[in-house]
Amino acid sequence: MTTETILVLGGSFAGLSAAHYALRHTIPQLPKKEGTKYTVTLVNPSKDFWWRIGGPREIVSRKMMPVNKTYYPIEPAFAYAKDQFTFIQGTATHVDGAGQTVSITTASGEQKSIPYVALIIATGISTASPLFTQGASAAELQATHEAFQKSLPNAKTVVIGGAGPVGVESAGEIAEFLNGKPGFLGSAPKNPKAKVTLICGEKKMLPILRESISQQAEKFLNRLGANVVYNTKVVSATAAGDKTTITLSDGQTMEADIYIDATGVRPNTSFLSKEWLDNRNRVSCNAKTLRVETASAGPRVYVLGDVGSYTRGGVVDQADAIPVVMTNLKTDLVAHISGKAPGPDRTYTPNLKEQQICPIGTSKGVGAFGGRPVPSLMVWGIKGRDYLIGMLATGTVNGDQYKKEKAWKPQPVTAAGQAGLSSG
Ligand SMILES: Cc1cc2nc3c(=O)[nH]c(=O)nc-3n(C[C@H](O)[C@H](O)[C@H](O)COP(=O)(O)OP(=O)(O)OC[C@H]3O[C@@H](n4cnc5c(N)ncnc54)[C@H](O)[C@@H]3O)c2cc1C
């Protein structure tokens, strides 16, 4: 019996969804081939999926975000397909597109070469701060959070660099933890224990959202004793002993007991050849089909999630991209097996609407959905209570969103449509 493997690199939001989709919908629809078995192999450095979305509250308090709510073992979530599924705790170190193999270093240090018939790269992003990225194990990240939680209660000055959603949410959680909430109509804490400063590189926070929403966010931060400095970038942050000196683009320096770098993310692509990447080091792909078309990639290579050139990032966007990748992968595999593609490509259209919700502390928040502002109470109701854990975490690891295949209607391909198929 020959085994042909759909190999998924990265076992987080994108990779888990792709692996479930492949097992539930792709493999069952492939033409039967005498003596060939199709399987899915998922490779991830940690054996646990971490609910990164809850990070801003989890770093502050283990009580508010217990580990049994934020970490989920990956392998048991695939028990329904155990004869067709393999989990490898390891890290991809090299992809040979021509030979269709990936080199893996396993958690125990063993070197493996995994052949694939189709490859999905879903290795995501790492954050500058170690607080928001899981590496080889849940235990490592939990230790990082515990050390942070030990130092936080005594902090008198906290500086957060970067006023995207992670910076704003973290500033809110930290300021509320240290300074408490003011009364119902209060606009600032009476006796703040700590000075919390958020450094914003632009004239407004939260780049995806409109200015009035950013201003509302500032009011909510001020209520908790956090201030925002605009039009200023962090140039460097140097730790010495218990203090960090932060140098700003206006030449000023600040000293902080705690500094959190929330200025950006780095795609996890160091194991790929440079020619596979765009100028932001993301995996370059056809922006419509999400295939990786670089010549040396070879056939049936796809990218999903924040590591891809096609996306502005975020989990919501993946709901549009996953069915596209998985339909095109199925089409390509059927063509590979039977010599004939069963239909046209499915195409991805980015949703660029104003869309993001951002809790600020445990009872307020700002955001917009589908281009319309969302009231604070609704932000709290959707995300502020538990950072979406109750609504989505178990379902994400179990692939519940993809229990049914996502239906679509093939669109006739026009000349204008063809012209749009440029690499990202
Ligand atoms: C603190 C924080 C809060 C956020 N909140 C939200 C939110 O509220 N809403 C939202 O939509 N988005 C949010 N995001 C963004 C969201 O987390 C990302 O969009 C999401 O994590 C991307 O999913 P992914 O699967 O593409 O990549 P990742 O989640 O980055 O996962 C990639 C996986 O690949 C693994 N990996 C890396 N290198 C290799 C390798 N060489 N071999 C094998 N595996 C590898 C990683 O260990 C990881 O498990 C937040 C991000 C942060 C940091």
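Into which domains is the protein chain divided? I looked this up first. Domain 1 covers 2-128 + 265-351, and domain 2 covers 132-261. These bounds come from an automatic or database domain assignment.

I noted the ground rules. The model is predicted: local features need pLDDT of at least 70, side-chain atom pairs count only at pLDDT 80 or more, and totals for chains, interfaces and linings use all residues. Residues are numbered from 1 along each chain as its sequence is written, and side-chain values use heavy atoms, with hydrogens and water left out.

Next I took the spacing. The C-alpha centres of domain 1 and domain 2 lie 33 Å apart.

Then I checked the interface. I found 24 residues of domain 1 in contact with 21 residues of domain 2 (heavy atoms within 4.5 Å). The two domains bury about 1,900 Å² between them, with 59% of it on carbon and sulfur atoms. Buried area here is the accessible area (1.4 Å probe) that two parts lose on being put together, summed over both. Pro56, Ile59 and Val60 supply 34% of the area that domain 1 buries against domain 2, more than any other three residues.

Glu173 forms a salt bridge with Arg57, and their closest N and O atoms are 3.0 Å apart.

Last, I sorted the side of domain 1 that touches domain 2 by class. That side has twelve nonpolar, six polar and six charged residues. Asp, Glu, Lys and Arg count as charged, Ala, Val, Leu, Ile, Met, Phe, Trp, Tyr, Cys and Pro as nonpolar, and the others, Gly among them, as polar.

Conventions:
Salt bridge = Lys/Arg side-chain N within 4 Å of Asp/Glu carboxyl O.
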